[in-house]
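The report below goes through one protein model region by region. Please keep the sequence and the coordinates at hand while reading.

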Amino acid sequence: MNTWNSELVRSAFGRQAFGYITNLDGEIRLNSPTLANVYREIAGTDAGNGALLLKALEIAKTIPPPKFPYSLPTFGYVVQWLSELGKSVELEGLLQYADTNLNPTWEKGGLFYPRNDQPIDESHRWRHMDRFTGNAAIGYARLNVNDGQKIMWDKPWTRDILARRPWIDGVDLSQGVDFLRGQWNSEENALVLTIKTWDGSVVEVEPTARNLEKGIWAVYIAGELQMCVEVIESNNLTFRVTAGEVEVDVVVIREDGEGAKLWIWSKSEINQNQLESG
C-alpha cells in the first residue's frame, strides 16, 4: 500500500506498531497478539513504559493460548514493512533478535531460519518461524531500502531503460561466487561490482560487461588498473577476476570522457607514473 498511499501508511505506523513492536532495555521485540493486546489495554498512550510492559507480560502468562496457534508469517510481514518504511532502528533490532534467537543457519552459502511451529516460549518471546519468513522475507528485508517497492512502482525499469544500461554476464551461482553489489552509475559511466566466494575458496571467473558504449573502457580490480580496452563493435568487454574469501571491488569505467586520458594498453605496459586521471 505504501506504493500508492504512502501518507496513510506512514501516518498509521505508530498506531499499528504500538504494543506489537516494543523496546525493552534496548532490545527490540515483536510481541505475540496476546501480549500486545494486554499491553495496549493497560498502557494507554504510554508506549515507552518498560514497567508496564513487564506487567503486561505477567498478565499475558495467565491467559490460555488460542486453540489455533497464531501461525501467519507475521515476523516476515513485519520486517518487510519496517524495511519499506525505512524504520532502521526497529528493523535492525528485529534482525538482530532473529540472528540471536531464531536459529540462523547457513547451507551452501545460503542463510535461512529453520521452521519452528512454537509461537512463543514461556517468557512470551517470539519463537515462530514459517517457511516464507525463514527463506525469503527476512532476506528481502535485509536487501530492501526505504520506499523500495514505491521506487519500483513510481519508476519501473522499462524495456527501453534496460536496453541502454550496461550489465554483467558470464558469472552464475554454480561457480561459487556471490555478487554483494552490482550498480550502473550513469553519471560516472561506471559499472561497479563487489564479489566474493561463499565458502572461502579461490575461484577465477571471467565476467563480461555487455551493452557498453563505444569508447575506451578501463577495468579496476581492488583499486588497481588491470586493463584498458577500446570497445568498437561488440559493445562487450571480458576480463578476469579472482574471487575469494575477501570481498573484491571491480569497477568498469569509461575513460575517454572530458579530462581523461586514453589508455589502450594492458596494465604491464602502462607507466604508472603517467596515470593522472584514475
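At 46% relative accessibility, Q16 counts as partly exposed, and the residue belongs to helix α1. When residues up to four places away in sequence are set aside, Q16 touches R40 and W81.

## The model as a whole

The structure is a predicted model, and the protein holds eight helices and 14 strands. Of its 278 residues, 37% count as buried. Among the contacts in the protein with a separation of 6 or more, 61% are between residues 24 or more positions apart.

Helix α3 covers residues 50-60, and its buried residues are L52, L53, A56, L57 and A60. Seen down the axis of α3, these buried residues fall within an arc of 150 degrees, so they line one face of the helix. The buried residues of α3 pack against strand β1 (21-24) and against helix α2 (33-43).

In α2, the residues that are buried are P33, L35, A36, V38, Y39 and A43, and the buried residues of this helix pack in turn against α3. After α2 comes G44, whose phi is positive, near 65 degrees.

L53, which is found in helix α3, gives a residue-level view of this region. With a relative accessibility of 7%, L53 counts as buried, and, leaving aside neighbours within four places in sequence, L53 is in contact with T22, L24, N31, L35 and Y39. The C-alpha atoms of L53 and R40 are separated by 9.4 Å, while the two residues stand 13 residues apart along the chain; R40 is also one of the residues that Q16 touches.

## Helix α4 and its surroundings

Helix α4 is mostly covered, with nine of its eleven residues buried. These buried residues are T74, F75, G76, V78, V79, Q80, L82, S83 and E84. They pack against helix α1 (6-17), strands β1 and β2 (27-30), and helices α5 (88-101), α6 and α7 (148-154). α4 is followed by G86, which has a positive phi, near 70 degrees.

## The packing of α4 with α6

How are α4 and α6 oriented relative to each other? Helix α4 (residues 74-84) and helix α6 (residues 131-143) pack at an angle of about 10 degrees, with their axes 8 Å apart, and the two helices are therefore roughly parallel to each other. On the α4 side the contact is made by F75, G76, Y77, V79, Q80, S83 and E84, and on the α6 side by F132, T133, A137, I138, Y140 and A141. By class, the residues of this contact divide into eight nonpolar, four polar and one charged.

R127 lies in the loop between β4 (110-112) and α6. Is this arginine buried or exposed? With a relative accessible area of 18%, R127 is buried, a value that falls under the 20% cut-off for that class.

The side chain of R127 takes part in two listed polar contacts, one with the side chain of Y97, at 3.2 Å, and one with the side chain of D121, also at 3.2 Å. Leaving aside neighbours within four places in sequence, the residues in contact with R127 are Y97, N101, L102, N116, Q118, P119, I120 and D121.

## F112, in strand β4

F112 has its place in strand β4. The relative accessible area of F112 is 21%, and the residue is partly exposed. Once neighbours within four places in sequence are left aside, F112 is in contact with N103, P104, T105, E107, G134 and N135. From C-alpha to C-alpha, F112 and R131 are 9.1 Å apart in space, and they are 19 residues apart in sequence.

Technical notes
Residues numbered from 1 in each chain as written. Predicted model: local features only at pLDDT ≥ 70, side-chain atom pairs only at ≥ 80, totals over all residues. Heavy atoms only, no water. Axes fitted to C-alpha atoms, helices over the stretch in contact; angles between N-to-C directions. Helix = DSSP H or I, 4+ residues; strand = E, 2+ residues; numbered from the N terminus. Parallel < 35°, antiparallel > 145°, perpendicular 65-115°, else oblique. Contact = heavy atoms within 4.5 Å. Nonpolar A, V, L, I, M, F, W, Y, C, P; charged D, E, K, R; others polar. Buried < 20%, exposed > 50% of the residue type's maximum accessible area, 1.4 Å probe, protein only. Polar contact = N/O pair within 3.5 Å; in protein donor to acceptor, adjacent residues only side chain to side chain. Arc of directions from axis to C-beta.
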